[in-house]
Amino acid sequence: MSRPTATWSLAAVAASALALAASMAMPSPAMAQGSTLRIGLQEDPDMLDPHRARTFVGRIVFKGLCDKLFDAGPDLQLIPRLATEWSFSADGMTATIKLRPNVKFHDGAAFDAAAAKANIDRARTLPESLRRSELATVDSVEVVDPLTIALKLKQRDATLLSQLADRAGMMMSPASLSGDVAARPICSGPYKFVERVQNDRIVLEKFADHWEAANYSFDRVIYRSIPDTTVRLANLRSGELDMLERLAATDVKSAQADRTLRVIFTPGLGYQGITLNLANGDAANTPFGKDKRVRQAFSLAIDRAVINQVVFENTHPPTIQPFPPSSPYYRKDIPVPGRDVAKARALLREAGVTAPLKLEAMITNNPVDAQLGQVIQAMVQEAGFDLQLRSMEFASQLRDQQQGRFQLSRVGWSGRIDPDGNVHPFWTTGGGQNDGKYSNAEMDRLLNAARAVYDPVERKKLYDAAQDIAFDEMPLLYLYNQPWYFATSTRLTGFQLHPDGMIRLAGLKRQ
Amino acid sequence: MLKLILNRLLIAIPTLLIVSLFVFALQHALPGDPFLVMAGEERDPEAIARLRAIYRMDDPIIMQYFAWLGQVVQGEFGRSLRTGEPVLGLILQKLPVTIQLAAASMLVALAIGLPAGIIAAVRKGTAADYTASAIALSGLSIPNFWLGIVMILVFAVELRWLPASGYVPFFSDPLGALETLVMPAFVLGSGLAAFIMRHTRSAMLEVLRSDYVRTARAKGLDERVVINKHALRNALIPVITLSTILFGELLAGAVLTEQVFTIPGFGKLIVDAVFNRDYGVVQGVVLCTAVGFIGMNLLADVLYIVVNPRLRGR
């Protein structure tokens, strides 16, 4: 054996490791820029199976990959996609949906009523499906003719069609349903799946046989997951990305000042707020959980406009409602009240509370939540609340919240197209998101009734009445509407941002 | 040497078992339910119960451990709870990325640290020594995250000389790989170079004070020969130990650097997996990292013998 010098032997180890890495290398990523649209995502999507998926970024990818029966417009009204016409029977127990003809899946199979039935049946019966609760009212799916299905319901359900405007209404090739859908999703969207490298990229390629192919100008779409907001913006500025989703509030001004970038904003469907423990275990046994006046005092002590100014540089509009401004159910007659410390103190006195009232709030361990928590802490202190902050990792926070080991918990909700999704799980007795165990029989009656009413005018009356109760009893405290700030290169045109925060690829062009 | 390798491999088996048991127990002790995360924003209790049953999470933890171990022995690491992808496939996907980054960073670290350490020792107390020490200290003090962002802003956003992020396999596009590697390898390597420089310096100083070096000088040998052939060879033993440990750590993933430069390596994989309570992925990656560490230690032992033949008979 020859004796290389020691220095060289060390260097050789590193070099041989490099060679080993090279020999194990993955195929080259398709990064050609020409007709490729490159989008920066804040997270890596989860399973690319619409029935098992749960993430917001996953829904963004599905927008290119999988067509669905309906879409939602900017005013949250349903828009036909794979469904062309729909109607409810007189008793409201059957929804009949006509399907778009001449639609093909990426494997060449035709989309028809049998395929739609197979998909909806899978979504509502697959054990791992997260769509089962969304389609819980569907009793059966019947094929009326090759291009018509009828959904037989167990009870009237005004939320059903909006569920079909999301992942529950996405259609995959029936032949693919028995295989590993997440590994290679075969849908009928404008782009088909090419490859995925977890934590790095998802590559889609244009589907030439799509029924609306002419509206899609890019040959490829690459979704890259870049969690750090500064880095994501740097990638957009350096030209490595054409657009990014979720610009940080602190970056909005500098991006707006950059002539090569365009910042697009819309209020989202959801909100950020504070979940309050009213009756979940021992932690709820405080004046705060038991007396609505104490909660009202807490809310009055918060200056939402200042939060918007200090924490979010005027990018996050304050709210005290669960519905977004784009929703027809939003109450324009209810303004966000200003801060009133004197009234808050008076309410506390009226409730017989001796200040300071000690409380603990869980916050998620990220810089924005920490800042938000500290601002609220300082504000409510003046009104007589001694608020302690407990910073937690999100999974642990969720568990503690569900198990009632909390008094206040700073969380939000991404929002749903239908108003039901933003209130029913939170305000009804036993609701899936009702971690504070709020319970009011009249509230239950109103929200359950609203689920069964198809007429929007009648529905609004029910939601208005429910909101009146919520404004008074405060089962949850709303702070601000969750807005969407996206940034694109100025060379990219045709991007329209809807309140759902999805990236619609139709009409996008690079100049 | 063969005996040494065999001995080490035998010791590796119980080590890996202990590591796997420890990681398994530790992550199950973590607060938070993976299925609460997996069930999405809706957190439908029925969905959570179904998922727990499907993944047999209600079995006693020891049963879960042995079931997992049985699978691993057969080369089956399970699937990611989050994406449904096979864990082994994920590991094999990320391993070359991590090795490529680790090797390039190590090359940078050695290229800076070794010469700087030797110069600092040979010219102890001179301006060269102080300069090398100051550079080493700054390499240690500057946070990777900050340096990475600054480099991106300067070289990618302003000058547009290098891509801001990404990973390109070396064999499929060597130039592209080098372009994407320059910044992250420098960021990681500059920090490690400081360690290597300090160790090389102190080891060299000790060796240079030893009798045999004095004898070599007394024989009238050229100073360059004394340094390169006699002193450096012995001084490198602790440096090799350090370098292999550092390389092993790099193989475990450089979380912040991977995050800043969007490199899909082990670091990002394991951090995401921990936050999502993706048990299978955490277990698979930690086991794989432990194997890497054991391999690196073995490599260090072999290198000792290559560098210092006196150790061969031991």
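## Reading a predicted two-chain model

Tutor: Chain A averages a pLDDT of 92, and 93% of the residues score at least 70, where pLDDT is the predictor's confidence in each residue, from 0 to 100. This is a predicted model, in which local features need pLDDT of at least 70 and side-chain atom pairs count only at pLDDT 80 or more, while totals for chains, interfaces and linings use all residues. Residues are numbered from 1 along each chain as its sequence is written, and chains are lettered from A and ligands numbered from 1 in the order in which they are written.

Student: Over which residues of chain A does pLDDT stay under 50?

Tutor: Where pLDDT is low, the predicted coordinates should not be read in detail. In chain A, pLDDT stays under 50 over residues 1-6, for which the model has six contacts beyond four places in sequence, and also over residues 20-33, with 29 such contacts; two residues are in contact if their C-beta atoms, placed from the backbone, lie within 7 Å. For chain B the average pLDDT is 86, with 98% of the residues at 70 or above, and the model as a whole scores ipTM 0.80 and pTM 0.86.

Student: How many helices and strands does chain A have, and what does its radius of gyration come to?

Tutor: Helices (H or I, at least four residues) and strands (E, at least two) are DSSP runs, numbered from the N terminus, and chain A has 15 helices and 18 strands. The radius of gyration is taken over C-alpha atoms, and the globule rule is 2.2 Å times the number of residues to the power 0.38. For chain A the radius of gyration is 25 Å, close to the 24 Å that the rule gives for 511 residues, so chain A is as compact as a globular protein of that length.

Student: In what order do the strands of the open sheet of four strands lie?

Tutor: Strands of a sheet pair through backbone hydrogen bonds, either parallel or antiparallel; for the assignment here, two strands pair if DSSP finds at least two bridges between them. The order in this open sheet of chain A is β4-β5-β7-β6, with antiparallel pairing, and its edge strands, β4 (83-88) and β6 (138-145), each pair on one side only. Between β4(A) and β5(A) (residues 94-99) there are five bridges, and S87(A) has T96(A) as its bridge partner. Helix α3(A) (residues 113-125) packs on the sheet, touching β5, β6 and β7 (148-153) of chain A, and its direction makes about 170 degrees with that of β6(A); axes are lines fitted to C-alpha atoms, for helices over the stretch in contact, and angles run from 0 to 180 degrees between N-to-C directions.

Student: Which element gives the largest share of the side of chain A that touches chain B?

Tutor: In this model, 56 residues of chain A are in contact with 68 residues of chain B. The largest share of that side of chain A, 14 residues, comes from α1(A).

Student: Is N199(A) buried or exposed, and what is its phi?

Tutor: A residue is buried if 20 or more other C-beta atoms lie within 10 Å of its own, exposed if 12 or fewer, and partly exposed in between, with C-beta atoms placed from the backbone. N199(A) is buried, with 28 other C-beta atoms within 10 Å, and its phi is near 70 degrees, a positive value in a residue other than glycine. N199(A) is found in the loop between β8 (191-197) and β9 (201-206) of chain A.
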